[in-house]
Amino acid sequence: MSMKKRLGSTCYHTVVFAFACVMIYPVIWMVMGSFKTTNEIFQSAQKLLPESFRPDNYVNGWKGFAGFSFAIFFKNSLFISTVATAGAVISSVIVAYGFARCEFRFKNFWFGCMLLSMMLPFQIIMIPQYIMFNKMGWVGTYLPLIIPQFCSQGFFVFLNVQFIRGIPKDLDEAARIDGANTYSIFVRIILPLIKSSLVTSAIFSFMWRWDDFLAALLYLNKPSRYPVSLALKLFSDPTVGSDWGAMFAMATLSLVPIFIIFLTMQKYLVEGIASTGIKG
């Protein structure tokens, strides 16, 4: 390797490492803050390491509020995220198969409408959606958080369409010659070949549902049904006092499932994202 290439590689990795430190520092600061008292958090905000590590924040935070421990909130988040993710992945891949392999009138028009729906922020449909769910009697339940995910999600549809279009149609034709119908082709040929896309969709869906605060704030009105994202807000009470140490401790624990999923599924995630732009 020439000196010029070595210098360029060194500069590149230095810049990337610097950006990585900037991005990861807030997370490290929060983790270190979970071992500090509330006063120490604000008095020594510029210091990363605490004067003395205090695990009491994890004990106090796990106790929760009004008899509801944080185990209940974690269970609620896990239930919502798991069921909603299953619905989003299954419905999206079915719709994607229709767009990629089936022929019907105005297919390109409906595909364009689906792409346009991806550009609508949640705040635009928030009010009419709330009115609709309220009239249906769903407010106060998990249904508004779960059922819409079973109607497919635009991003996941687009992701799966790109993968399915990259699969040669010769495989479909060969399967039809052997007597397979559309459903058999979908289950036995398409699904095994787009595993990376399905795993990528599942990771993103789980992360988005796990971190979802606004939807839970709108539709849930009982603390026993709160997910972790909403329960963390209960630590902040301006009228009495906020236990920031316990909040940081529970926020740190809330990142554990996301880190586990990312570390275990990183291979499929990178492959899915990298392949999206070259499929089709």
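Q: What do buried and exposed mean here?
A: Buried means under 20% relative accessible area, exposed means over 50%, and partly exposed lies in between. The model these terms are applied to is predicted.

Q: Why is Phe 106 called exposed?
A: Phe 106 has a relative accessible area of 53%. Exposed means over 50%, so Phe 106, at 53%, is exposed. Phe 106 sits in the loop between α4 and α5.

Q: What makes the phi of Phe 106 worth a remark?
A: Phi of Phe 106 is near 60°, a positive value in a residue other than glycine. Most residues other than glycine have a negative phi. Phi of Ser 152 is also positive, near 70°, and Ser 152 is found in the loop between α7 and α8.

Q: Why is Ser 92 called buried?
A: The relative accessible area of Ser 92 is 0%. The limit for buried is under 20%, so Ser 92 is buried. Ser 92 belongs to helix α4.

Q: How do you know that the side chain of Ser 92 makes a polar contact with Ala 88?
A: A polar atom of the Ser 92 side chain lies 2.6 Å from the backbone oxygen of Ala 88. A polar contact requires a pair of N or O atoms within 3.5 Å, and 2.6 Å falls within that limit, so the pair meets the distance cut-off.

Q: Which residues does Ser 92 contact, leaving aside its neighbours within four places in sequence?
A: They are Ser 152, Gln 153, Phe 156, Val 157 and Asn 160. A further pair shows how sequence and space can be set side by side: Ser 92 and Phe 155 are 63 residues apart in sequence and 8.7 Å apart in space, C-alpha to C-alpha.

Q: What makes Asn 160 buried?
A: Asn 160 has a relative accessible area of 1%. Because buried means under 20%, Asn 160 is buried. Its place is in helix α8, residues 154-165. A polar atom of the Asn 160 side chain lies 2.9 Å from the backbone oxygen of Phe 156. Beyond four places in sequence, Asn 160 is in contact with residues including Ser 92, Val 93 and Ser 197.

Q: Why does Ser 81 count as buried?
A: Ser 81 has 1% relative accessibility, and the limit is under 20%, so Ser 81 counts as buried. Ser 81 is in helix α4.

Q: Which backbone atoms does the side chain of Ser 81 reach?
A: The backbone oxygen of Ser 77 lies 2.8 Å from a polar atom of the Ser 81 side chain. The side chain of Ser 81 also reaches the backbone nitrogen of Trp 210 at 3.4 Å. Not counting residues up to four places away in sequence, Ser 81 touches Phe 206, Arg 209 and Trp 210.

Q: What makes a set of residues a nonpolar core, and which members of the largest one touch the most others?
A: The residues must be buried, of the nonpolar kinds named for a core, and joined through side-chain atoms within 4.5 Å. The largest nonpolar core has 32 residues, of which Phe 70, Leu 145, Leu 232, Phe 235 and Met 250 touch the most other members. Helix α14 gives the most to this core, with 7 residues.

Note on methods:
Residues are numbered from 1 along each chain as its sequence is written. This is a predicted model: local features need pLDDT of at least 70, side-chain atom pairs count only at pLDDT 80 or more; totals for chains, interfaces and linings use all residues. Side-chain values use heavy atoms; hydrogens and water are left out. Buried means under 20% relative accessible area, exposed over 50%, partly exposed in between (1.4 Å probe, protein chains only). Helices (H or I, at least four residues) and strands (E, at least two) are DSSP runs, numbered from the N terminus. A polar contact is a pair of N or O atoms within 3.5 Å; within protein, one must be able to donate a hydrogen and the other to accept it, and residues adjacent in sequence count only if both atoms are side-chain atoms. Contact means heavy atoms within 4.5 Å.
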